[in-house]
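The notes follow the order in which I went through them.

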Amino acid sequence: MTRSDTGRLYTVVSYLLWPAFFLGGLVGAYLAFRTSLPLLWFNVVYLGIVILIGVSERIMPYERTWLAHDGETFNDFAHTLLNKGGVQIAAAIGTSFPMAVATVALPLLPTSIHLWPDEWPLFAQVGLGLIVAELGLYVAHRVAHENLSLWRFHALHHSVERLWVVNTGRFHFVDSLFKIVLSQIPLYLLGAPLPVFLWIGAVTAFIGLLTHCNLDVRTGPLDWVLSTPRLHRWHHSRLLAEGNTNYGENLVLWDQIFGTYFNPPRPSSINIGISGRVAKGFLAQIAQPFSARGARQILGRAPTVKEGVQSVPETEEPESA
């Protein structure tokens, strides 16, 4: 593991790298949103940040053993592009549906006042939007850890035994849909404008890349506000007391409020993964949570009596979250 005192330059770079990537991504997003093809150019910026982080991981990794291939690279790419990416594209295309929900629901709210503060500067609206969306993301994420019916889908994300930039988007599509519903519908109901959604998407995209990166970065006071690699490594720990913490996707505000913030003064965990077993192939990983046998494999439970072995009690919790 890189914990080095390899010189003053290394230390300076370790402090600057995270904010440089994050701010660089946001500047790129700003320029992309000003073009006639904002989504195309945003994805060009996103891919550029992925490449830069991937190269940096080879130069100053947090954990050198995570540089080795784990046989999941194809699956990581496929889940990112087809599951997480596909769900996000579908949500963008289907904007009219939640907007229609908002149109019907808003008149039923106990006030006729327009709820969204359109008069605020855009950066303040985005900040408010992040706080609102983050509450939905926090609830969705925490429930996915504490409810076994949802954990079987979310476990795919936690099944990795190394963190690196490419498995950032390794999510089952059911897991992604659940998060989108709980985080975005409230914003539509409040009347948030399209630029707020775009900027929340940009912030989420770049923080997501950076929480998963295998970089030896030092984030200091940022750990109290934002989801950082250090906090997210604790979240991936196999130990329940460590793993059932730091649910925030962008902010750790709700973790601070609800008592799930975890950041002890020692190097964050590299003992990550789940106690159960996730299928090897991409399509098998998609199908696995939908069958009773697959769910038991994910949860790390024994086969049922019908399969020849007595099952373990249904009250058991997943060993990792």
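**Cavity**

I began with the lining of the largest cavity, which is made up of Arg 152, Phe 153, Leu 156, His 172, Val 278, Gln 285, Gln 288, Pro 289 and Ile 298. The model is a predicted one, in which local features need pLDDT of at least 70 and side-chain atom pairs count only at pLDDT 80 or more, while totals for chains, interfaces and linings use all residues. Residues are numbered from 1 along each chain as its sequence is written, and side-chain values use heavy atoms, with hydrogens and water left out.

For the search I took a cavity as a set of points, on a 1 Å grid over the protein atoms alone, where a 1.4 Å probe fits but cannot get out, with lining residues having an atom within 4 Å of a point. Searching the whole structure gave 1 cavity of 30 Å³ or more, and the volume of the largest cavity is about 40 Å³, a volume being the space filled by probe spheres set on the points, which are joined across faces, edges and corners. I noted that H6 supplies the largest share of this lining, 3 residues, helices being DSSP runs (H or I, at least four residues) numbered from the N terminus. By class the lining holds 5 nonpolar, 3 polar and 1 charged residues (Ala, Val, Leu, Ile, Met, Phe, Trp, Tyr, Cys and Pro count as nonpolar, Asp, Glu, Lys and Arg as charged, and the others, Gly among them, as polar).

**Aromatic pairs**

Next I looked up ring pairs, where rings of Phe, Tyr and Trp (its six-membered ring) pair if their centres lie within 6.5 Å, and planes over 60 degrees apart count as edge-to-face. The count comes to 15 aromatic pairs. One of them joins Tyr 138 and Tyr 247 edge-to-face, at 5.7 Å centre to centre and 85° between the planes. This pair links distant parts of the chain, with Tyr 138 in helix H5 (residues 122-146) and Tyr 247 in the loop between helix H10 (240-243) and helix H11 (253-258), 109 residues apart. Both Tyr 138 and Tyr 247 are buried (under 20% relative accessible area, with exposed over 50% and partly exposed in between, for a 1.4 Å probe and protein chains only).

I also noted a cluster in which ring pairs link Phe 33, Phe 42, Tyr 46, Trp 199 and Phe 206.

**Charges**

I then checked for a charge over a ring (NZ of Lys or CZ of Arg within 6 Å of the ring centre and within 35 degrees of the ring normal). Arg 162 has its charged end over the ring of Trp 164, 4.3 Å from the centre, and Arg 233 lies over the face of Tyr 62, at 3.4 Å from the ring centre.

Last came salt bridges (a side-chain nitrogen of Lys or Arg within 4 Å of a carboxyl oxygen of Asp or Glu), of which the structure holds 4. Arg 142 forms one with Glu 146, the closest N and O atoms being 2.8 Å apart; both residues lie in helix H5, 4 residues apart, about one turn of the helix. Arg 238 forms another with Glu 161, at 3.0 Å between the closest N and O atoms.

Technical notes. Rings of Phe, Tyr and Trp (its six-membered ring) pair if their centres lie within 6.5 Å; planes under 30 degrees apart count as stacked, over 60 as edge-to-face and the rest as tilted. Helices (H or I, at least four residues) and strands (E, at least two) are DSSP runs, numbered from the N terminus. On a 1 Å grid over the protein atoms alone, a cavity is a set of points where a 1.4 Å probe fits but cannot get out, and a pocket is an open set with protein on both sides within 12 Å along at least five of seven lines; lining residues have an atom within 4 Å of a point.
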